[in-house]
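Please look over the model below before reading the points.

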There are 4 protein chains.
Amino acid sequence: MILLKKYQEVRSHSLQLVEPLKTEDFVPQPVVDVSPPKWHLAHTTWFFEEMILSPNLSDYQVFHPRYRYVFNSYYESVGDRVARPHRGWMSRPTVEEVMEYRAYVDAHMQAFLQQEEQLSPEVRDLIELGLQHEQQHQELFWTDTKFTFSLNPLYPVYKQGGALLHQINEERGWLEQEGGMVDIGFEGEGFCFDNELNRHQAFLNPYRIRKDLVTNSDFMAFIEEDGYKRHEFWHSEGWDWVNQNERKAPLYWEKEGQDWVHFTMEGRVPVRREEILCHVNYYEAFAYAQWRGLRLPTEFEWEAAADLFAWGKRWEWTQSAYLPYPKYQKAAGAVGEYNGKFMVSQMVLRGASVATSPGHARKTYRNFFHPQLAWQFTGIRLAESL
Amino acid sequence: MILLKKYQEVRSHSLQLVEPLKTEDFVPQPVVDVSPPKWHLAHTTWFFEEMILSPNLSDYQVFHPRYRYVFNSYYESVGDRVARPHRGWMSRPTVEEVMEYRAYVDAHMQAFLQQEEQLSPEVRDLIELGLQHEQQHQELFWTDTKFTFSLNPLYPVYKQGGALLHQINEERGWLEQEGGMVDIGFEGEGFCFDNELNRHQAFLNPYRIRKDLVTNSDFMAFIEEDGYKRHEFWHSEGWDWVNQNERKAPLYWEKEGQDWVHFTMEGRVPVRREEILCHVNYYEAFAYAQWRGLRLPTEFEWEAAADLFAWGKRWEWTQSAYLPYPKYQKAAGAVGEYNGKFMVSQMVLRGASVATSPGHARKTYRNFFHPQLAWQFTGIRLAESL
Amino acid sequence: MILLKKYQEVRSHSLQLVEPLKTEDFVPQPVVDVSPPKWHLAHTTWFFEEMILSPNLSDYQVFHPRYRYVFNSYYESVGDRVARPHRGWMSRPTVEEVMEYRAYVDAHMQAFLQQEEQLSPEVRDLIELGLQHEQQHQELFWTDTKFTFSLNPLYPVYKQGGALLHQINEERGWLEQEGGMVDIGFEGEGFCFDNELNRHQAFLNPYRIRKDLVTNSDFMAFIEEDGYKRHEFWHSEGWDWVNQNERKAPLYWEKEGQDWVHFTMEGRVPVRREEILCHVNYYEAFAYAQWRGLRLPTEFEWEAAADLFAWGKRWEWTQSAYLPYPKYQKAAGAVGEYNGKFMVSQMVLRGASVATSPGHARKTYRNFFHPQLAWQFTGIRLAESL
Amino acid sequence: MILLKKYQEVRSHSLQLVEPLKTEDFVPQPVVDVSPPKWHLAHTTWFFEEMILSPNLSDYQVFHPRYRYVFNSYYESVGDRVARPHRGWMSRPTVEEVMEYRAYVDAHMQAFLQQEEQLSPEVRDLIELGLQHEQQHQELFWTDTKFTFSLNPLYPVYKQGGALLHQINEERGWLEQEGGMVDIGFEGEGFCFDNELNRHQAFLNPYRIRKDLVTNSDFMAFIEEDGYKRHEFWHSEGWDWVNQNERKAPLYWEKEGQDWVHFTMEGRVPVRREEILCHVNYYEAFAYAQWRGLRLPTEFEWEAAADLFAWGKRWEWTQSAYLPYPKYQKAAGAVGEYNGKFMVSQMVLRGASVATSPGHARKTYRNFFHPQLAWQFTGIRLAESL
């Protein structure tokens with residue numbers, strides 16, 4: 001009954017997360033990348049209905065015949081769907097109806113999981129994938145809700161004490177690595193995504209990597225020394241991004257008189273200098289490293305050294321583009337669309353963040369985002385070739 | 001206590017209108033022209049706070065210091081405001097908070113209106129303007145909610161029996177008018193908008209005008225005879241609109257097999273042939289008239305004959321651009337921004353619609369919209385020069 | 001042989017206009033509204049080939065089978081065409097080939113016009129229309145070339161002494177008009193466009209109108225008194241235009257230290273204070289009038305008084321939207337697309353400009369442009385209701 | 001005098017390339033990525049003036065004071081410049097003036113190169129870079145001119161026999177590679193770009209790679225088997241690209257009846273089945289490989305095997321993102337902007353093409369383009385992990 005227990009834990013965690021919200025907070029989608037909380041709750045439920053219940057239970061009745069269309073995200077194999085930018089147009093189903101949808105699917109899933117031992121490995125894997133998928137949306141709930149709240153001139157407070165603030169580095173200094181042949185990719189018993197496979201060998205040149213992440217104080221120095229005004233630190237398209245958006249600081253930061261404040265899930269508060277920097281995009285991470293005369297680590301350098309430093313507070317930008325590992329094979333059918341089709345134009349982030357759900361972190365985990373995005377809880381770890 | 005009574009009637013009518021909504025329905029803004037119901041409720045309240053209470057009551061405390069910013073629509077004189085396309089980003093204030101805001105302002109306004117007789121004519125006029133303004137937003141509530149619901153693949157039902165459907169023409173035929181000098185513009189005791197002034201003379205050539213409005217059946221014939229495929233009936237920019245948007249029928253219409261259905265506040269229902277056509281834009285109204293070898297009336301022709309035919313079911317497109325009357329003078333200050341600054345690039349509509357609030361119609365009333373818009377309850381009355 | 005002579009005059013005038021250009025100047029189209037000179041030369045030629053030669057000469061061979069497609073402007077009746085924004089993509093046909101095309105069509109037209117007396121009135125009218133059409137493109141040549149040159153950091157000089165500069169007012173003061181019934185629209189023997197018909201009566205309230213046009217000096221005062229910074233003078237969409245484009249002065253004006261310079265066909269030269277203002281759009285003309293406490297005349301007020309003041313140096317913005325006259329009837333076929341399909345969303349300009357070709361001005365002439373456009377030689381005449 | 005001779009050869013090659021053009025062909029820029037031939041000729045000249053003559057000759061007078069602004073491409077260090085999308089707006093300087101500019105700079109450069117032996121290594125390297133730069137623009141001349149011509153409904157012919165057509169594979173079959181440690185990056189005496197350094201070791205897993213490139217015939221099979229209609233072969237953003245642009249075949253291909261024709265520098269001609277495929281973008285290359293159950297090689301796999309197969313006819317898409325090599329160091333100053341700032345969001349191409357200038361190919365050469373671009377002479381070589 002391990003899977004059942006995990007199912008119940010993950011599913012109830014989603015409900016805990018939205019507990020502080022008002023009904024209205026479940027609706028808006030201010031930009032295309034940011035989905036409404038209501039949508040996250042329903043889409044993760046749709047995954048179980050579409051991928052597990054409908055194919056495996058011959059007499060299963062879907063909760064609502066249109067939800068297949070309304071809550072599909074990007075699975076071409078499943079058919080047409082509400083266009084992504086239109087998720088915020090939908091006031092219905094209501095939050096209450098979405099909760100009924102969750103309860104309905106949960107009831108069927110829990111009955112289904114009673115015979116856990118009789119389930120085929122493929123089905124068990126799919127259920128595990130559904131739970132991992134929901135955990136990813138739990139993190140997106142944080143980032144999306146923070147983004148939407150930040151645009152509101154009333155600066156809504158999610159929950160006092162619930163802002164995921166005040167992370168500091170516990171150790172500092174360089175870690176020297178001699179490189180050579182290393183093993184990369186997932187190995188072992190538990191779950192991993194297909195993009196962590198196949199485990200393979202890679203060769204690393206000697207390098208060193210920081211044990212600590214860049215702090216707010218560090219980054220303020222970059223700003224004060226005109227980091228956002230000097231093109232030589234930036235990629236060409238990063239420099240365009242700076243100028244077109246008139247960027248002068250990380251996302252959510254604003255100058256009030258001489259001081260920096262930033263929007264958080266506890267509202268607008270001063271930026272504490274000693275805390276670990278958050279919400280930079282790849283362009284900013286790269287520019288900061290250039291200014292320091294250093295660089296970001298590759299994802300392999302990161303993975304090879306990950307047992308030797310603390311990680312898990314920020315997703316950490318790497319200098320690696322998101323590409324398939326040797327012999328990468330995507331699955332057949334809809335779940336094959338999970339990772340592989342995004343392997344272009346994105347950069348890899350390693351680690352995990354304060355917003356990552358419990359049990360969802362792994363040193364071989366490969367997160368990925370477009371270089372202009374900073375609404376994840378992202379940070380910077382520096383490296384250098386030796 | 002006439003003004004007090006009217007205040008109470010108008011304000012409570014707004015609440016009646018939103019009564020069938022779910023909380024979530026108050027939030028979305030799918031396109032820039034369509035505001036969330038929550039915003040309509042708050043903005044109309046803001047008008048009384050900003051224009052009446054704050055200037056006239058020295059000890060008045062605003063309900064919330066940021067609402068001046070959040071709920072200003074387009075009054076440059078009042079200062080900065082939330083950009084219009086961002087109204088749907090705001091989950092807060094909640095509906096409940098907006099209702100508290102209304103109650104707070106209502107309590108102060110009602111106390112203020114106890115001394116109704118002692119109020120200056122200017123203040124009374126402003127209060128009257130505030131009520132007319134709220135009635136305009138009551139109509140916008142209909143049009144905006146219908147538009148947002150129509151985009152939802154679940155086709156929400158506002159209220160059974162509440163769809164403003166089933167209007168038919170009560171009389172038919174031509175009305176011949178010999179023209180000559182006519183008086184145009186508002187005259188009398190009651191309220192009018194500044195754009196209905198000054199009353200002045202105009203000369204009309206002989207014309208005839210229909211007593212009935214174009215029906216669904218009439219318009220189906222236009223569609224069937226390739227009205228949307230023959231450029232010769234359309235303005236150049238109307239033809240571009242047809243092609244860029246692949247339009248083949250009025251807003252909300254869709255073909256199901258051989259039959260037309262349309263989205264209404266009662267969901268998706270068949271188009272009844274005998275009913276009066278609704279939701280055409282100016283381009284469509286013009287093209288239809290061209291196809292018939294007729295034309296739309298000018299706003300003066302309409303006004304001069306309005307006592308002789310039934311009107312009030314559709315806003316009726318005229319062939320007149322929205323321009324000032326002779327000696328038109330806009331008021332000083334923020335209320336001067338009410339009408340005058342929109343007198344370019346829009347067309348005049350005359351009449352009133354089934355969605356117009358009780359007591360808000362007048363034969364000298366000048367409504368105005370851009371030619372591509374059809375989300376109002378608009379229709380077509382034909383005319384011809386003699 | 002009157003038509004032949006006029007044909008030769010008009011056609012050779014086009015060639016005189018482009019004589020100072022370099023071959024490269026014939027190619028660019030920097031914005032969609034501005035066509036390449038090469039295109040103007042060929043499109044006006046296409047008109048004669050398509051409308052006169054092909055339909056009337058049974059053995060006529062078109063110069064090039066693809067030119068019908070390449071040089072059609074907006075005639076839906078004639079079929080598909082190169083999309084308007086793509087005119088500047090076409091390096092071919094070369095200028096030389098276009099000149100050969102002109103010579104070929106001219107040779108056939110001149111032969112055709114030998115039997116001038118035997119031509120039907122309809123054909124004669126079409127030829128006349130073709131010549132008027134070419135004259136309109138001669139004026140567009142000025143405005144388009146000026147616009148393109150102005151974007152070049154090298155500030156090309158069209159021709160010394162060829163800049164159409166130095167117009168001043170010859171008289172000043174108000175002209176009072178008692179109004180009443182007036183006759184509007186073309187009457188007489190010569191050519192007019194269909195939009196000048198039918199001649200009809202209109203009633204005017206008493207007004208006065210300036211004998212002089214607004215000067216550069218006048219407009220500098222508007223700028224100095226923050227005319228571009230005070231919303232109260234502007235239409236709502238005019239104010240958006242100001243802010244989105246960061247406009248601070250008329251088109252082609254730039255501040256150099258304390259002085260204004262402007263780009264002209266003689267390059268960049270100081271703005272002379274006493275000269276008549278040029279290159280304002282409708283929003284600017286309206287805002288200027290508002291600031292002065294005056295208004296623009298209607299097109300009927302203008303026409304009724306036009307014999308009493310000097311005009312012809314600027315196209316003058318009126319307060320009238322471009323709409324059909326009573327009993328306006330567009331022609332059948334392609335030439336019916338000449339005027340009528342543009343009668344929405346545009347404002348009427350009256351008069352003529354220094355760039356208007358000789359013999360092309362008429363007091364009943366109705367020019368029209370969208371309110372944001374200022375690349376014509378436009379100016380401001382003020383009026384006031386009495 | 002080696003450098004002088006090379007200077008003369010490279011510079012005169014540019015002139016040979018443009019020899020078949022008409023003056024008008026030097027002007028248009030239909031899309032932002034495609035620069036006018038005139039601009040290529042002047043910008044490459046600007047490089048020598050700005051980087052060599054001005055800094056090294058104290059009495060050097062620039063040819064024209066504004067050209068520094070007009071012909072800078074993307075060098076932030078050099079200052080402001082004409083915005084890239086506006087290059088096609090500039091009819092001046094004329095082609096003749098650009099030729100005078102070239103002659104002026106050539107005269108000074110040739111005098112300067114008389115003392116070739118006395119030049120510092122840094123200056124010699126910069127001159128060499130300027131020549132390599134000009135060779136890159138020679139290739140861009142081909143691709144840009146082809147693209148512009150292809151948009152012209154008259155289908156201009158560059159030169160009979162000058163279309164770079166009819167390349168076929170000389171050998172076929174798989175080449176097996178056992179992988180292991182390989183040396184990557186430039187080594188030796190001659191010129192290389194900074195992005196080819198530092199030479200370093202990399203580890204390769206066993207793989208095989210094709211000796212031949214994909215042919216038109218191969219790709220037709222992909223089209224016929226619905227390659228452009230089956231999402232499962234495409235990246236998510238590639239699939240969006242297909243649908244938004246309604247792509248059904250490679251760039252320049254069109255179906256005529258049952259046959260494929262394509263636009264070439266010799267006009268529109270049939271696609272020959274046996275020839276090597278050209279003008280696919282990364283999305284298409286990836287999708288084709290997916291359909292075949294194979295993949296693209298990495299750039300290291302390509303380089304490690306490049307001595308064993310024929311290359312040089314197509315730039316070949318690899319599965320590698322464009323990223324810096326270990327210890328990559330960009331140069332100080334403007335030339336440091338040459339490569340490094342583009343190392344994000346682009347894919348590496350290896351090889352060289354039929355449009356590459358003589359002497360410009362190298363097996364360590366790293367070309368790079370955004371994944372949606374296909375106007376280079378690009379092709380597909382397949383690989384597979386063993």
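1. Shared surface. Of the interface residues of chain D, 100% are also interface residues in chain A, so the copies meet through the same surface. Contact here means heavy atoms within 4.5 Å.

2. Basis. This is a predicted model, in which local features need pLDDT of at least 70 and side-chain atom pairs count only at pLDDT 80 or more, while totals for chains, interfaces and linings use all residues. Residues are numbered from 1 along each chain as its sequence is written, chains are lettered from A and ligands numbered from 1 in the order in which they are written, and side-chain values use heavy atoms, without hydrogens and water.

3. The D–A interface. Chain D gives 37 residues and chain A gives 37 residues. Together they bury about 2,700 Å², 57% of it on carbon and sulfur atoms (accessible area, 1.4 Å probe, lost by two parts on being put together, summed over both).

4. Polar terms. Between chain D and chain A there are zero salt bridges (a side-chain nitrogen of Lys or Arg within 4 Å of a carboxyl oxygen of Asp or Glu). The rule does find 12 residue pairs in polar contact, both at pLDDT 80 or more. Such a contact is a pair of N or O atoms within 3.5 Å; within protein, one must be able to donate a hydrogen and the other to accept it, and residues adjacent in sequence count only if both atoms are side-chain atoms.

5. Chains apart. Chain A and chain C do not touch, with nearest C-alpha atoms 14 Å apart. Chain B and chain D make no contact either; their closest C-alpha atoms also lie 14 Å apart.

6. Domains. Chain A splits into domain 1 (2-150) and domain 2 (174-385), with bounds from an automatic or database domain assignment. Their centres, taken over C-alpha atoms, are 27 Å apart. Each domain puts 28 residues into the contact.

7. Domain interface. The two domains of chain A bury about 2,600 Å² between them, 64% of it on carbon and sulfur atoms. A:Y74, A:E139 and A:K146 supply 27% of the area that domain 1 buries against domain 2, more than any other three residues. Salt bridges across this interface number zero, but 17 residue pairs are in polar contact.
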